[in-house]
Amino acid sequence: MTQTTPYPSSSNAAYAGFLHAYPTYTSTGALDDLRAREYARLDATGQIYLDYTGGGLYAERQLREHLDLLSHNVFGNPHSHNPTSQAMTCLVDQARAYVLEFFNAPPGEYVAIFTQNASAALKLVGEAYPFGPGDHYLLTFDNHNSVNGIREYARLKGAQFTYLPVVEPELRIDPATLDEYLGLAVPGAHNLFAFPAQSNFNGVQHPLEMITLAHERGWDVLVDAAAFAPTNRLDLARWLPDFVPLSFYKMFGYPTGMGCLLARHAALEKLVRPWYAGGTITISSVQGDGHYLVPGEAGFEDGTVNYLNIPAVEIGLRHLASVGLDAIHERVMCLTGWLIESLSALRHGTGQPLVKIHGPADLSMRGGTVTVTFLDRDGQALDDGRVEQLANWEQISLRTGCFCNPGAGEVAHGLTPEIMRTFFQRSHAPSFQELRGEMHARFGRDVSAVRVSVGLASNFADVDAFLRFAAGFLDRTAAEIGDVEAGGPICSTERDAA
Ligand SMILES: Cc1ncc(COP(=O)(O)O)c(C=O)c1O
């Protein structure tokens, strides 16, 4: 019988192996001190947080600084002339300027439009991009649903949309296919190309060089940076994308409810808003039946902005800058490398690998998001819901499902157009669980997987805990591991437990 591949039996031995393989990890030691100071709640509560692509974590000092600001000042609704309003206006302007500085926007070239989240930023583009008959929306299979959703605006307005495939095994774009699809731009028409700088499905980083290539072929380019920005430097001056949506809570955890659309002036001027709202107009009239949009970001910020939270965005960005994105990136890459390497090495005694990795199995052009299907000793896929439940019991926060990125998942799971269409010819909307169940029963395929992601406050112990958890599946069958057990969600907090 083949020997089961062990994960080092003690964490100390594993750590020594890790440092040997990833010696640059020690250069990021300041992040261990930071975790002990600012993220102490992780270890105090015993939580193993591995869902940074879902949401980042905040440092306690961000909360203190924000609370301090709110506690010692009186702020009113901005954009009026009274003192409390003016004080707020100054902070909003200051935060906006810092957002542009953080992303190295060339002076005068970009605006930062505050939104509720990345999805709202995407909707601003989708609803206002001047699609019409003869125009084209090109988007990668690998995209979040909030980017997919823009196709409905294109469809509604008679424009064509085309999906650019990603290909197995790494789920990347083939350069020759890219070249062919970029040729679909209609000269003189409105052509929009959208792709994620980093996949939220599996961490693949698509080349930002595609921005220039697409510009040269007549496309406006939307780069979804929601999954990329938390651990990578996005340099607007270098890449010059037209539209960049992102969510701040993914970068630094707090506050939620704040995102932004970074847009080049020239691209913004092409947008035609389908409505106007308070705060977006110079003047509007009932009897005159007219309105004028304010140029720039103000024309896209509907109603009162989330003004008390906007200074917390600047606090969060300054926190990231003080920690150093390069150090965060380095640490995330070391941990991701160890995670992938160790998971790939785990094999059942039968010789079957423990996981199938959906995406790159090395560190080139990828971020800290790793998506896998667990396999039993006979090669049968384990129920990801059951894996999640067992992880929950060990206080490990990972994510399962399709991660709102159906295109990458369909390629990863080998789901064909014929299979997928059968689910869209019914009178009632199937739930995700129904889709999942029927996909297994009728087609023997999966729609979901297990995703772990590391970030700013991750350390070796988090990854080690996950690998030990994963090794617990070795040499077991799917039947032995069992199905999801009934039971409600975990609602306990530290306060409940106290
Ligand atoms: C790549 C990507 N784009 C867009 C979004 C949407 O972000 P939000 O839900 O904050 O609007 C997400 C969220 O996970 C994402 O990962």
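Two strands are taken to pair if DSSP finds at least two bridges between them. Helices (H or I, at least four residues) and strands (E, at least two) are DSSP runs, numbered from the N terminus. The model is predicted, so that local features need pLDDT of at least 70 and side-chain atom pairs count only at pLDDT 80 or more, while totals for chains, interfaces and linings use all residues. Residues are numbered from 1 along each chain as its sequence is written, and side-chain values use heavy atoms, with hydrogens and water left out.

**The sheet**

An open sheet is formed by four strands in the order S11-S12-S15-S14, with antiparallel pairing. Its edge strands, S11 (355–357) and S14 (399–401), each pair on one side only. On average, neighbouring strands of this sheet are turned by 35° against each other, direction ignored; axes are lines fitted to C-alpha atoms, for helices over the stretch in contact, and angles run from 0 to 180 degrees between N-to-C directions. S14 is joined to the antiparallel strand S15 (residues 449–453) by three bridges, and Thr400 stands opposite Val450 in S15. Helix H16 (residues 384–393) lies across S12 (369–374), S14 and S15, and runs at about 160° to S14. Contact here means heavy atoms within 4.5 Å.

**The ligand site**

The residues that surround the ligand include Asn117, His144, Asn200, Ser247 and Tyr249; a residue is near a molecule if one of its heavy atoms lies within 4 Å of it. Polar contacts, which are pairs of N or O atoms within 3.5 Å, are listed below.

| Residue | Protein atom | Ligand atom | Distance |
|---|---|---|---|
| Ala118 | polar backbone atom | oxygen | 3.4 Å |
| Asp224 | side-chain N or O atom | nitrogen | 2.5 Å |
| Lys250 | polar side-chain atom | oxygen | 2.7 Å |

The protein covers 89% of the 390 Å² of accessible area that the ligand has on its own, as given by the Shrake-Rupley method with a 1.4 Å probe. Helix H6 (118–128) and helix H12 (248–252) are the elements that give two or more residues to the shell around the ligand.

**Backbone details**

The peptide bond from Glu168 to Pro169 is cis, with omega near 0°, and Pro169 is found in the loop between strand S4 (160–164) and helix H9 (175–182). A cis peptide bond also leads from Tyr254 to Pro255, with omega near 0°; Pro255 is in the loop between H12 and strand S8 (259–264). Asn104 has a positive phi of about 50° although it is not a glycine.

Definitions and conventions: A polar contact is a pair of N or O atoms within 3.5 Å; within protein, one must be able to donate a hydrogen and the other to accept it, and residues adjacent in sequence count only if both atoms are side-chain atoms.
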